[in-house]
Amino acid sequence: MEQPKGVDWTVVILTCQYKDSVQVFQRELEVRQKREQIPAGTLLLAVEDPEIRVGSGGATLNALLVAAEHLSARAGFTVVTSDVLHSAWILILHMGRDFPFDDCGRAFTCLAVEDPQAPVEALVCNLDCLLDIMTYRLGPGCPPGVWVCSTDMLLSVPPNPGISWDGFRGARVIALPGSPAYAQKHGVYLADSQGFVLDIYYQGTEAEIQRCVGPDGRVPLVSGVVFFSVETAEHLLATHVTPPLDACTYMGLDSGARPVQLSLFFDILLCMAQNVSREDFLVGRPPELGQRDADVAGYLQSARAQLWRELRDQPLTMAYVPNGSYSYMTSSASEFLHSLTLPGVPKAQIVHSQVEELQLLAAGSSVVSCLLEGPVWLGPGSVLQHCHLQGPVHIGAGCFLSGLDMAQSRALHGLELHDLVLQGHHMRLHGSPGRAFTLVGRLDSWKGFPPNTPSPRIRDWDLWDPDTPPEERCLLSARLFPVLHPSRALGPQDVLWMLDPQEDGGEALRAWRTSWRLSWEQLQPCVDRAATLASRRDLFFRQALQKARHVLEARQDLSLRPLIRAAVREGCPGPLLATLDQVAAGAGDPGVAARALACVADVLGCMAEGHGGLRSGPAANPEWMRPFSYLERGDLAGGVEALAQERDKWGTFGPALLVRAARHYEGAGQILIRQAVKSAQRFVSTEPVERPAPGQWVVADCPARVDFSGGWSDTPPLAYELGGAVLGLAVRVDGRRPIGARARRIPEPVLWLAVGSRQDEMAVWIPCRSLEDVQDYCQPHAPGALLKAAFICAGIVSVHSELPLSEQLLRTFGGGFELHTWSELPHGSGLGTSSILAGAALAALQRAAGRAVGTEALIHAVLHLEQVLTTGGGWQDQVGGLMPGIKVGRSRAQLPLKVEVEEITVPEGFVQKVNDHLLLVYTGKTRLARNLLQDVLRSWYARLPAVVQNAHNLVRQTEQCAEAFRQGSLPLLGQCLTSYWEQKKLMAPGCEPLAVRRLMDVLVPHVHGQSLAGAGGGGFLYLLTKEPRQKEALEAVLAKTEGLGNCSVHLVEVDTQGLSLKLLGSEAST
């Protein structure tokens, strides 16, 4: 489904508290822009908070100043001007404080969510969900201004929250529903019936909360999202030059100002609430200030007075989203685990992970971005993230494990974990990288301490300095976690010993005491967030490579294109290419190998980044002939290796050569398709019959075909990977059978080929006197290529024989052949001409050579011929034109490729009724089917979900169409035609030129249904008219309509004979 139009952000800012994290998070924003989550033209800024504790209000003011400064510079100003805000949509996202369950904060906490519609495959972090909500749900329709969004909460907002921006000014808060009980620990808005905010309560009294309860029994929670109009943003920005608010920004601090801590909601917004008096506001204290900061109260009062002067006259309104939800991400492990698991779901959630033994994961557990090898048990309510574990590992209920690799998983062998949080951390201590591990209990309180310390031999002085006040001695400040051992690398065992401190006689305790240890608070500034995210990215791609291998080898209908885009845009296509090479080289199935090569082509095309020309194009450069030759002779491993060597040479010279290399990989895939389709040869058989006399013509006449349903499902590889079903009609056009061939033997040992009309004088003659003259049989545009391929497929000529052509002809046939083919239909008609012509040529040639071939054998022989000719194509055309009447052709999802045909029995007189209502309209447009075919095959190999679903629908509708014929219902058939045309357009976008669309629109009132024939793009339009015998009436309609070009209407009738073969008297040879 297409994403609705979202906000085209001018600037997106992510604020963070650590200076060394700015570049890390700047890259994360840029990665999301490459993934198309953020508009391409958006200015991205990761901004360090001026001080670690400036508060959400100070961080907002600083971010707004930085945005205005960058936009001013972009606009050519030399000073900051608020004028740049008037045409800007700015989004400020606050990282907030440290989070005990993710080293990169709440914003980058991964959720157990997978987005199947995402153009680029990636882990979904809380930041991604909030970006989506702000861009596509809350933001659309708003005027220019500044959105501010915290990232410390989980939000859910319906697609159309119903926020009106008519007449808006001031600031607007977004409120989400919560229970009064939940509000006791959170912020809540008091608003009047017009939506104006009267007051904001934080952990309000029961009476205050009750005043906020709405008719639904819920209260409007402070959700962490607010919008400032340009006018209000200008007022806020103006404060950055006035003490003491200048200290909230980097400019003030760089000028030596004393830092001030401000709350966005309980300082900046509270002064705009209508019921708040100036006196109460000035003496109030925001909840994030704390009670022990009395010395800064006067400083804060001065800051609040300045806010009151600037913002008091700005209205503050509330938009309440009743169907949304809000959940603050607390430091409680139990609440965190609950947010990542679904207790009522009957199976485990597995997201971007590869698990060998799925049955060991309990219902209600969650696995995100993990590789689990061997037996790994996971209990209910437990979560694994960013782990590569090798069993046996037993993880019971209520556990959270993150950041462990395969080597460290050995420390878990023999243990059974319950209600624990075990995390691996990437550290940087005095510039040196390292790993550390932390272990806490699920029920532990960070502000308290477990009633029983890990070991009675651990003393207070092991954990805290002697002068640490008792009220500050808690889990957050306890030096529990080793970060450096004097003689070895650290592992999980350095904290897991606490689970059973007596087990090793105190050895682990001694090792713990000799290690440099940090508390959780001390550890956070030392976390290497760049290494953390790089490690996660590496593990994500390692599991993704396993996924790619499994999808291909198991022949799953799952698209790898989002994964391909992810690998290319994040700079690591090499390992993916190597994996695809391995799959292709080791595949025992040509379909698996061809799809792997098509994926390589997609990688190369993606690396070109939209430059280098169209993906479809020629693929016969001499430098690629060596790998092609390996594939042609069945050496798949050698061919894949040689392809990779050429790829490495071409891939270093820019987008143009990358695109051309992609075309040659698709050409390699076509070789494998040809080999698969050639398996149809086993269903080709002939019977010896009396050979006609030299000079005696064998004439094959054929109708055209009209496809009523299922086209494209017959096209290899769909025909043998999905299984095809096409309903087609053999038809005469204007009373004539327009396609035919004739063949005869001649005394001279040469081949005379004629292509053109039935009359010899109008034909183009091509003599073939040597094998060299026949060598271009596999070049479809070479003169007489189809006829040359017919001689080869009929076994009359062997291009690999050491005997010259004349000798081959004389030995077997006593002379040569003359073959003449014709079609009275325009090129690119869409009526199956080339395939039916191939069938006619083969039938005439075989009979002239003294062999009879049945029609079903001929259908498979044409499949083989078209692969020899290298045009590809499916089987529906020859089924439709060689077999009589109305029928369904089917092929199963297997090799060898075999086509079976069922004649459809219709009510008596219905064929004549069809004849009376079926018309052809020539559009005057020539169809370019080859590029359409390449596009369809590319989409199928990519397993684009819409294409896969559409392909299944094509097959399904064929059976419905057959039933409509059996019922004799023209209206039902018209519906089939209409939906069939929609399916064709989904399969091959671009197959409906504008001129054809105008033509079809003109005809809609007169028809039950209509469709372009064949692949579309031009050629003939066929339609079922509502009234019988409407040729003249429609000609009059078209004549009165301007701009339709050279359209013509033609009679069409069902042909009940199919291929006819007859011998004529002899004529003088050419």
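Where is the place of H386? H386 is in the loop between β17 (383-385) and β18 (388-390). The model described here is predicted.

**Backbone features in loops**

- H386 is not a glycine, yet its phi is positive, at about 55 degrees. The strands on either side of its loop are β17, residues 383-385, and β18, residues 388-390.
- P716 and P717 are joined by a cis peptide bond, with omega near 5 degrees. P717 belongs to the loop between β28 (704-709) and α24 (718-723).
- The peptide bond from L895 to P896 is also cis, and its omega is about 0 degrees. P896 is placed in the loop between β35 (886-891) and β36 (899-903).

**Helices α21 and α22**

- Two packed helices are described by the angle between their axes and the distance between the axes.
- Helix α21 spans residues 625-632 and helix α22 spans residues 636-650; their axes come within 7 Å and cross at roughly 165 degrees. Because angles over 145 degrees count as roughly antiparallel, α21 is roughly antiparallel to α22.
- The crossing of these two helices, α21 and α22, is left-handed.
- On the α21 side, the contact involves R626, P627, F628, Y630 and L631.

**Helices α34 and α35**

- Helix α34 covers residues 994-1003 and helix α35 covers residues 1031-1040. Their axes come within 11 Å and cross at roughly 125 degrees, which means that α34 is oblique to α35.
- The crossing of α34 with α35 is right-handed.
- From α34, the contact is made by L999, V1002 and L1003. From α35, the contact is made by L1034, V1037 and L1038.
- The contact of α34 with α35 has 6 nonpolar residues, with no polar and no charged ones.

**Cavities**

- How many cavities of 30 Å³ or more does the structure hold? There are 4 cavities of 30 Å³ or more.
- The largest cavity has a volume of about 190 Å³. It is lined by 14 residues, and those closest to its centre are E28, R35, L123, R536 and R537.
- Two elements, α1 (22-34) and α17 (529-553), each give two or more residues to the lining of the largest cavity. The largest share comes from α17, which gives 4 residues.
- The lining of the largest cavity has 7 nonpolar residues and 7 charged residues, with no polar residues.
- The second largest cavity has a volume of about 100 Å³. Its lining is made of 15 residues, and Q17, Y18, M95, D98 and R529 lie nearest its centre.
- By class, the lining of the second largest cavity has 6 nonpolar, 5 polar and 4 charged residues.

Conventions. Residues numbered from 1 in each chain as written. Predicted model: local features only at pLDDT ≥ 70, side-chain atom pairs only at ≥ 80, totals over all residues. Heavy atoms only, no water. Axes fitted to C-alpha atoms, helices over the stretch in contact; angles between N-to-C directions. Parallel < 35°, antiparallel > 145°, perpendicular 65-115°, else oblique. Left-handed = near helix turned anticlockwise from the far one by under 90°. Contact = heavy atoms within 4.5 Å. 1 Å grid on protein atoms, 1.4 Å probe; cavity = no way out; pocket = protein on both sides within 12 Å on 5 of 7 lines; lining within 4 Å. Points joined across faces, edges and corners; volume = space filled by probe spheres on them. Nonpolar A, V, L, I, M, F, W, Y, C, P; charged D, E, K, R; others polar.
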